[in-house]
Amino acid sequence: MSRLIFLFLLQTTLSFAQIPPYPPADQVARDFKALLQRPVTNPRPSFTVTYTDSMNIERGTIYTEATEKMPVVIYKPITKGQTRFPTVVFLHGTGGNKEIGEVRAVLLPLVKAGFMAVAIDARYHGERVPGGALGSKEYVEAAYQAFKNNNAQQHQYPFLYDTAYDLTRLVDYLATRADVDSTRIGMGGISMGGIETYMAAAIEPRIKVVVVGIAAQSFKWILDNNQWQGRTGTIADAHKKASVDIGDKDINTKNVKAVWEKIIPGVTDEFDCPSLLRLIAPRPLLILSKDKDPNNPYGGAQIAFASATNAYKTQKALNNLSILVQPNLGHVFNATDTWLSVEWFRRWLFK
């Protein structure tokens, strides 16, 4: 199927996607901010610099909570006479880190184009925990402990929400730097990083340009249609242990819902992807998807596409939205996605 034919079919199917009746966007924004809110702490930045011919590389940390230190890498171009730079944050997926090839493949061309480029380690990944890789016991165990212990007094959200909060604190920090043009900050991410991106961008208006890579779908739809397997597979052992606690032999729709209600509350309702994407409009938004992605089944993805399209149409900003679906591919972020991401940031942040 040619790309043009596929994109025509995409636009046609959007008109049939049934968008749930979410609460008003301003209410969703207030509720999500309230859920993520925690005591604000001094970021206490600490960085060392490596100097090269083409860029300066800063590696270090900032604090996002009183005892939560987040590793950060910053690639700063060397441009004669320029002291403030448009800045892009780009995020890794589950099992990745701030230094992996997929992230660097986006950040390095951005530096060459004149951007300051930034990456972090998500919670329980990279330098934030020894062995922070796909299926690492620390990451999975944190999700399971959140399921066991979250209650009215205690809230731990290691799966998605905590890192989304970290990103809002990262923007706070970047905005204090004299070398960052705080009116031109962009953010994007891959898979888990794409989810964390749209969550942060939904409530942080200083993120001016957004790229959501292989992350747009509906948590509610995949539950309702028994297509949650790819998504739960990213923390499969946590779901397995929780299902035993609930009294089930295997992971099933009912116990998946029970886990999500504890560790990512609201994600099948007002904080679902189709609802949060509305909050990004009218800022430039690029959604990159695949039609055979098991983590983001296409039926649920179309609800996200339709919701975003409606929001941008309402605000007369359809030119600021681009949805590109590569056919016959699964959960991959490829060279085409990399190129499209770089060009999207270049198009909108250098205007």
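Student: Is Asn149 buried, exposed or partly exposed?
Tutor: Asn149 is partly exposed, because its relative accessibility is 31%. Keep in mind that this is a predicted model.

Student: Where does Asn149 sit?
Tutor: In helix 4, which covers residues 137-149.

Student: And how many Å separate the C-alpha atoms of Asn149 and Lys316?
Tutor: The separation is 45 Å. Along the chain, Asn149 and Lys316 are 167 residues apart.

Student: New topic, helix packing. At what angle do helix 3 and helix 13 pack?
Tutor: About 35 degrees, with the axes 9 Å apart. Helix 3 is residues 101-113, and helix 13 is residues 335-349.

Student: Why quote both an angle and a distance?
Tutor: Because two packed helices are described by the angle between their axes and the distance between the axes.

Student: Right-handed or left-handed crossing for helix 3 and helix 13?
Tutor: Right-handed.

Student: Which residues meet there, helix 3 against helix 13?
Tutor: Helix 3 brings Ala105, Val106, Pro109, Leu110 and Ala113. Helix 13 brings Thr338, Val342, Phe345 and Arg346.

Student: How many of the residues in that contact of helix 3 with helix 13 are nonpolar, polar or charged?
Tutor: The contact has 7 nonpolar residues, 1 polar and 1 charged.

Student: I also had my eye on Glu343. Where is Glu343?
Tutor: Glu343 is in helix 13. Glu343 counts as partly exposed because its relative accessibility is 27%. The C-alpha atoms of Glu343 and Pro109 are 9.7 Å apart, while the two residues are separated by 234 residues along the chain.

Student: OK, the core. Which residues touch the most other members of the largest nonpolar core?
Tutor: Tyr161, Leu170, Tyr198 and Trp260. That core has 83 residues.

Student: What is Tyr161 in contact with, leaving aside neighbours within four places in sequence?
Tutor: The list includes Phe32, Leu35, Leu36, Met199 and Phe271. Also among the contacts of Tyr161 is a run of Ile263, Ile264, Pro265, Gly266 and Val267.

Student: What about a second core, how many residues?
Tutor: The second core is separate and has 28 residues. Phe90, Val111, Phe115 and Trp344 are among them.

Student: Aromatics next. How many aromatic pairs does the structure hold?
Tutor: The structure holds 9. Take Phe90 and Phe333: the ring centres are 6.2 Å apart and the planes are at 50 degrees, so this pair is tilted.

Student: Where do Phe90 and Phe333 sit?
Tutor: Phe90 is in strand 4, residues 85-91. Phe333 is in the loop between strand 9 (321-326) and helix 13. The pair links distant parts of the chain, 243 residues apart.

Student: Are those two buried or exposed, Phe90 and Phe333?
Tutor: Both Phe90 and Phe333 are buried.

Student: What about Phe219 and Trp260, what is the angle between the planes?
Tutor: It is 80 degrees, with 5.2 Å centre to centre, and the pair is edge-to-face. Phe219 lies in helix 7 (residues 219-224) and Trp260 in helix 10 (residues 253-263), so the pair ties together parts 41 residues apart in sequence. Both Phe219 and Trp260 are buried.

Student: Which residues do ring pairs link into a cluster?
Tutor: Phe32, Tyr157, Tyr161 and Phe271.

Student: Backbone now. Which residues does a cis peptide bond join?
Tutor: Ala281 and Pro282, with omega at about 10 degrees. Pro282 is in the loop between helix 11 (273-277) and strand 8 (285-290).

Student: What is phi of Ile214?
Tutor: Near 40 degrees, a positive value in a residue other than glycine. Ile214 is in the loop between strand 7 (207-213) and helix 7. Ile214 counts as buried because its relative accessibility is 3%.

Student: And phi of Asn226?
Tutor: Near 55 degrees, also positive in a residue other than glycine. Asn226 is in the loop between helix 7 and helix 8 (229-232). Asn226 is partly exposed, with a relative accessible area of 44%.

Student: Last one, Val72. Buried or exposed?
Tutor: Buried, because the relative accessibility of Val72 is 1%. Val72 is in strand 3, residues 68-77. Beyond four places in sequence, Val72 touches residues including Phe47, Glu58, Arg59, Lys98 and Val118.

Definitions and conventions: Residues numbered from 1 in each chain as written. Predicted model: local features only at pLDDT ≥ 70, side-chain atom pairs only at ≥ 80, totals over all residues. Heavy atoms only, no water. Helix = DSSP H or I, 4+ residues; strand = E, 2+ residues; numbered from the N terminus. Buried < 20%, exposed > 50% of the residue type's maximum accessible area, 1.4 Å probe, protein only. Axes fitted to C-alpha atoms, helices over the stretch in contact; angles between N-to-C directions. Left-handed = near helix turned anticlockwise from the far one by under 90°. Contact = heavy atoms within 4.5 Å. Nonpolar A, V, L, I, M, F, W, Y, C, P; charged D, E, K, R; others polar. Core = buried A, V, L, I, M, F, W, Y, C linked by side-chain atoms within 4.5 Å. Phe/Tyr/Trp six-rings, centres within 6.5 Å; stacked < 30°, edge-to-face > 60°.
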